[in-house]
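Please look over the sequence and the model below. The text that follows walks through a few of its features.

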Amino acid sequence: MDPEDQTLTVHRWTSEGYLLILTAERGERVRAEPFGEVELEMDALFGDEAP
């Protein structure tokens, strides 16, 4: 999480190095590794109440 840019970036380690998996920003709902069963609401992660 980058609170300044209000983004979430997910990487996965591979034998070649880190692989970018996901970049999300406010207004999006995502299922991010390794927590794919949980939907994350980006606005809520940055302090806004869920509608």
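Leaving aside its neighbours within four places in sequence, which residues is Val 10 in contact with? In this predicted model, Val 10 touches Leu 19, Leu 20, Ile 21 and Leu 22, and also Ala 32 and Glu 33.

Val 10 also belongs to the largest nonpolar core, which has eight residues. In soluble globular proteins, nonpolar side chains tend to be buried together.

Aromatic rings are the next topic. A pair of such rings is described by the distance of the centres and the angle of the planes. Searching the whole structure gives one aromatic pair. It is formed by Trp 13 and Tyr 18, whose ring centres are 4.9 Å apart; the planes stand at 70°, over the 60 degrees required, so the pair is edge-to-face. Trp 13 is exposed, because its relative accessible area of 57% is over 50%. Tyr 18 is likewise exposed, with 63% relative accessibility.

The chain start comes last. Met 1 lies in the segment before strand E1 (7-14). Its relative accessibility is 56%, so Met 1 counts as exposed. Beyond its neighbours within four places in sequence, Met 1 is in contact with Thr 7, Leu 8, Leu 45 and Phe 46. Arg 12 is 11 residues from Met 1 along the chain, and the C-alpha atoms of the two are separated by 15 Å.

How values were computed
Residues numbered from 1 in each chain as written. Predicted model: local features only at pLDDT ≥ 70, side-chain atom pairs only at ≥ 80, totals over all residues. Heavy atoms only, no water. Helix = DSSP H or I, 4+ residues; strand = E, 2+ residues; numbered from the N terminus. Buried < 20%, exposed > 50% of the residue type's maximum accessible area, 1.4 Å probe, protein only. Contact = heavy atoms within 4.5 Å. Phe/Tyr/Trp six-rings, centres within 6.5 Å; stacked < 30°, edge-to-face > 60°. Core = buried A, V, L, I, M, F, W, Y, C linked by side-chain atoms within 4.5 Å.
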